[in-house]
Structures are given as structure tokens and as C-alpha cells.
Amino acid sequence: MNMAEKPDKVRIAMRVNGREHVVHAWPMARLLDVLREALRLTGTKEGCGEGECGACAVLLDGALVNSCLVPAVHAEGASITTIEGVARGDELSAVQQAFLEHGGAQCGICTPGMVLAAVNLLEKCPNPTDADIRAGLAGNLCRCTGYMKIFESVLAACKTQKEL
Amino acid sequence: MRSFVPQFELVTPRNLADSLARMSAEPGVWRPFAGGTDLMVLLEAGKLAQQRFLNIWRLKELHGIEATREHVTLGALTTYTEVQRSETLQQEFPLLCRAAAETGSVATQNRGTLGGNIANASPAADSPPALLVYDAELQLISARGARWVPYAQFHTGYKQMDLALDELIARIRLPRRADATAHVAPGFSPASSAWRQYYRKVGTRSAQAISKVCFAGAAHRDNGRIADVRIALGSVAPTVVRCVKTEEFLRATGALTPAAVQKAQEILAGEIAPIDDFRSTAKYRRRVAQNLLAEFLQL
């Protein structure tokens with residue numbers, strides 16, 4: 001393929017954590033890399049690069065997705081929430097506060113994805129059973145906690161949210 | 001990331017006609033890209049052979065679930081999440097909903113599509129056995145026109161299928177049954193003779209696991225014998241399989257005695273061709289497939 005035929009970067013307009021952004025990215029660049037490198041939002045992590053671990057999870061138009069599997073082109077016109085967008089300024093969300101109080105994080109690498117999965121779960125299912133929590137977070141792997149404190153944090157967050 | 005990302009193209013066609021025109025103008029050069037949950041994994045592994053993709057993700061003609069009196073028809077871009085949210089599918093095609101719920105995880109289910117799953121043609125795919133049990137038909141479209149193919153005839157060998165280079169899978173059509181009711185859990189067995197359905201995926205985990213064996217079945221019982229039956233398996237052959245010889249035997253046999261079940265298991269073993277691989281062994285797969293058959297027949 002001669003140089004003149006090579007595909008160009010494309011212009012992508014998207015809303016991330018409430019702010020409009022325009023980036024120029026390769027069409028098949030991973031959304032994960034666009035977020036981390038073009039937007040310097042390094043809260044979203046790469047764990048496996050193959051959609052198995054959930055460390056890269058973000059919300060795309062309200063749906064939980066693994067950003068390592070989303071090509072940049074699919075972010076055009078989308079509204080994205082990363083871990084940086086979960087708190088409101090200095091005010092942590094119920095899930096984040098619960099993780100702090102109940103020991104839901106150790107090394108922290110799975111935590112951004114876990115928090116987003118939990119936030120998404122509670123949006124769809126405000127009163128999850130234990131089984132619902134396990135299913136909702138089944139796509140997020142943690143090597144440190146053994147999961148129990150994560151599930152306890154999510155349950156505690158439900159209770160807090162109910163009180164609001 | 002083991003691929004050189006700048007050399008890949010992902011172009012968004014104006015509409016469905018534009019997509020088909022491009023695929024027709026250069027057959028095999030432009031390949032469809034839907035949710036990306038298979039293709040992006042290949043890209044990151046450095047194993048994506050094709051480089052030019054058409055972004056079909058937003059083509060509205062390929063979305064949606066429609067019901068007529070005789071069929072429920074799903075657009076090829078129906079995601080696993082959309083499958084699970086459909087009340088009609090939960091009522092009448094629960095095995096498809098079970099398969100969707102056990103595919104990957106929530107994040108995969110939000111992006112993975114039935115059409116993509118079919119076209120990826122893994123013999124270990126979760127939804128295809130359910131589609132086989134439901135006598136699914138596929139609509140394949142191209143600039144040349146449209147045709148319907150029984151899904152049971154679509155996969156012709158390992159990763160080989162009846163899909164021309166200029167064709168797209170557009171729709172999946174499921175014939176409705178008057179006696180369809182949702183009885184999917186092993187052990188849940190109502191007294192009435194209804195179309196009892198069973199799905200079980202055996203793997204290392206309940207989520208994010210590719211199956212060692214996957215079994216989908218449905219049977220209509222009449223006074224203790226099997227009046228009609230469908231049995232389909234994944235991960236035990238180069239393609240997903242309908243076990244027609246086992247079905248024939250079960251329809252012909254009288255009461256389901258332990259001897260009849262054992263005979264059915266022997267016939268099943270002859271219809272599948274499990275292998276030793278990274279995930280499991282032929283011996284385990286054969287034994288478990290037979291065990292799942294027995295569990296299904298207890299319904």
C-alpha cells in the first residue's frame with residue numbers, strides 16, 4: 001500500500017463526563033487509548049486488552065462497555081462517562097463512598113471499572129439481590145480483594161442511595 | 001496492542017444500500033464491523049487478517065425485533081442485552097435469552113450482536129444452539145437481492161458458511177409455536193404437556209467463559225413419550241450441531257425407560273465429534289453431552 005493510499009485519522013466529536021471534546025484518532029484506535037492518551041483521562045485502565053477483565057469499562061450512551069473493544073469511530077456523537085465523571089466535584093457518589101468505607105479497593109487497578117459497573121447496575125436495578133450484584137459485576141476481575149468486600153460495598157451503596 | 005492500528009480502515013457507509021454497493025464493488029475487501037466484540041479482540045492480538053471495514057453498527061434496517069402471527073424476526077444487529085429485554089423472546093424463545101445472559105458479561109452483551117456471533121461462526125458460540133432448536137432462518141442480503149437460508153444449513157464446516165463475500169446477514173427469523181411456554185430450569189417440570197425447553201452451558205465460570213459443552217433442547221411430551229424434540233449442541237464439533245439422529249430415535253421410541261435414555265446417549269455420542277483442545281478433552285465433552293441429554297430428558 002503506497003503512502004498516499006493510507007487511511008487518515010478521523011475527526012471524532014464526543015461528550016466525555018459532560019464536556020464536549022474533538023479528537024483526531026485512527027478509526028480503529030481503541031476508545032481506551034483515546035480516553036487515556038488524547039484526553040489524558042488515565043483513570044480508565046487496561047487490564048487484558050481483550051474484553052475479559054472489565055478494568056477498561058466506561059459508560060457509552062448509558063451502557064456499560066469495555067473501552068478496549070470500542071473503536072474510536074463508535075465514539076462519534078456519543079456521551080461517555082469515565083471514572084473521573086462519577087463524583088460530582090468533591091462529592092463522591094454513594095458507590096465510591098461505600099468502597100472507601102467497606103474496603104472495596106486494595107491496589108485499585110480494577111476499581112474504576114468496578115465502580116462504573118456498580119453505578120450502572122444500581123441505575124438499572126436499585127434493589128439488587130446478591131445474585132444481581134454478582135451478575136452485574138461478573139465482567140470485572142479483581143486479583144486482590146476476593147470480591148466479598150466489593151459486593152458488600154455495592155450493597156451498602158444501595159442502602160445509602162435509598163436513604164437519599 | 002499487537003496490530004499497527006494506522007493501517008486499518010473503518011468507514012461509515014451512508015446507509016444500507018451504500019454498504020451493499022461497497023461490498024459488491026469489491027467483494028471480500030470490505031468486511032462488516034458491528035459491535036466489534038470479536039474483531040477488536042483479533043485486532044489487539046495481531047490476528048485480524050482484513051484491514052478494511054464497514055461500520056454497520058447504526059444501520060437501522062438491521063435493528064429491531066418484530067413479531068407477526070407466525071414469526072418473531074430479529075435484526076442481525078440485535079444485541080444480547082436487547083434479546084434479554086424482549087418480553088416476547090422471554091415468553092416464547094427463552095433459550096435464546098438464557099444464551100444471551102450467559103454470553104460474556106454485561107459489557108459484552110451491550111455490544112455483541114447475534115449477526116456478528118453467527119458470522120464469526122465459532123463452534124462454541126452460545127446462541128446458535130438455541131437458534132437451531134428454534135428452526136431459525138437467516139435472511140442474507142446483497143446488492144443482488146435477498147435470500148432466506150435455514151440456519152441448520154448455514155454452517156458448512158469449521159468457519160465455513162453459506163455467505164457470499166458481498167452478502168450481509170440481515171435478519172434472523174424464528175417460527176412461533178402455539179405450545180411454547182418457558183420452562184427452562186432443570187427440574188422445573190409442569191404436569192401439562194407443553195414445549196419444555198432446556199439450556200445448559202458448561203464452562204469454567206458462569207460468566208466470561210467459552211463453553212466446554214453447550215446444550216439446547218426442547219421437547220413436546222405426550223403421555224410419557226416424546227412427540228417432538230429438538231437437540232442442538234455447541235463445542236462438540238467443527239460447527240454447532242443439530243442432533244437429528246438422536247431426535248429421530250427419541251420420536252420413534254416409546255416410553256423413556258433408562259434403557260431408552262442410554263440408547264439415546266449412545267446415538268448422541270455418534271453424532272458429535274468432540275476434540276481435545278485448550279479448553280477441554282473429547283472424553284469429557286462426550287460424557288458431559290450425554291449427561292446433559294439425560295438431564296434434559298428428565299424434564
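Guide: Before anything is counted, one term: two residues are in contact if their C-beta atoms, placed from the backbone, lie within 7 Å. Also, this is a predicted model.

Visitor: Fine. How many residues of chain A are in contact with chain B?
Guide: On chain A there are 26 residues in contact, and they meet 26 residues of chain B.

Visitor: Which strand gives the most to that side of chain A?
Guide: Strand β4 (residues 63-66) of chain A, with four residues.

Visitor: And what is that side like by class?
Guide: The side of chain A that touches chain B has 16 nonpolar residues, seven polar and three charged.

Visitor: Staying with chain A, how is it divided?
Guide: Into domain 1, residues 3-85, and domain 2, residues 94-163. The C-alpha centres of these two domains of chain A lie 23 Å apart.

Visitor: How many residues of domain 1 of chain A are in contact with domain 2?
Guide: 13 residues of domain 1 of chain A are in contact with 11 residues of domain 2 of chain A. On the domain 1 side, the largest share comes from strand β3 (residues 57-60) of chain A, with three residues. By class, that side has eight nonpolar, four polar and one charged residues.

Visitor: What about helix α2 in chain A, which residues are buried there?
Guide: In α2(A), the buried residues are A94(A), V95(A), Q96(A), A98(A) and F99(A). Their cover includes α3 and α5 (148-163) of chain A. After α2(A) comes G103(A), with a positive phi near 70 degrees.

Visitor: Where is C110(A)?
Guide: In the loop between α2 (94-102) and α3 (111-124) of chain A.

Visitor: Buried or exposed?
Guide: C110(A) is buried: 27 other C-beta atoms lie within 10 Å, and the cut-off for buried is 20 or more.

Visitor: What does C110(A) touch?
Guide: Leaving out residues up to four places away in sequence, C110(A) touches A55(A), N140(A), L141(A) and C142(A). As for E52(A), it is 58 residues from C110(A) in sequence, and the two are 12 Å apart in space, C-alpha to C-alpha.

Visitor: Over to chain B. What are the domains?
Guide: Chain B is divided into domain 1 (6-55), domain 2 (60-175) and domain 3 (195-297). Between the C-alpha centres of domain 1 and domain 3 of chain B the distance is 36 Å.

Visitor: What is the strand order in the open sheet of chain B?
Guide: The order is β11-β12-β13-β14 (chain B), four strands with antiparallel pairing. The edge strands are β11 and β14 (241-242) of chain B, and each of them pairs on one side only.

Visitor: How many bridges join β11(B) to β12?
Guide: Eight bridges join β11(B) to strand β12 (residues 213-222) of chain B, and the two run antiparallel. Within this pairing, R196(B) has A219(B) as its bridge partner, and R200(B) stands opposite F215(B).

Visitor: Why is β11(B) described as largely enclosed?
Guide: Strand β11 (residues 195-202) of chain B has eight residues and seven of them are buried, so the rest of the structure largely encloses it.

Visitor: What packs against that part of the sheet? I was looking at helix α11 in chain B.
Guide: The buried residues of α11(B) pack against β11, β12, β13 (225-234) and α10 (258-271) of chain B. These buried residues are R285(B), A289(B), L292(B), L293(B), F296(B) and L297(B). They cover an arc of only 135 degrees around the axis, so they sit on the same side of α11(B).

Visitor: What span should α11(B) have?
Guide: At 1.5 Å a residue, its 16 residues (282-297) should span 22 Å. The end C-alpha atoms of α11(B) are 23 Å apart, which agrees.

Visitor: Last topic, backbone angles. What is phi at N223(B)?
Guide: Positive, about 50 degrees, although N223(B) is not a glycine. Most residues other than glycine have a negative phi. N223(B) is in the loop between β12 and β13 of chain B.

Visitor: And S235(B)?
Guide: S235(B) is not a glycine either, and its phi is positive, near 70 degrees. This residue is in the loop between β13 and β14 of chain B.

Visitor: Which of these counts as buried, and which as exposed?
Guide: N223(B) counts as exposed, with 8 C-beta neighbours inside 10 Å. S235(B) has 30 C-beta neighbours inside 10 Å and counts as buried.

Notes
Residues are numbered from 1 along each chain as its sequence is written. Chains are lettered from A and ligands numbered from 1 in the order in which they are written. This is a predicted model: local features need pLDDT of at least 70, side-chain atom pairs count only at pLDDT 80 or more; totals for chains, interfaces and linings use all residues. Ala, Val, Leu, Ile, Met, Phe, Trp, Tyr, Cys and Pro count as nonpolar, Asp, Glu, Lys and Arg as charged, and the others, Gly among them, as polar. A residue is buried if 20 or more other C-beta atoms lie within 10 Å of its own, exposed if 12 or fewer, and partly exposed in between; C-beta atoms are placed from the backbone. Two strands pair if DSSP finds at least two bridges between them. The expected span of a helix is 1.5 Å times one less than its number of residues. The arc is that of the directions from the helix axis to the C-beta atoms. Domain bounds come from an automatic or database domain assignment.
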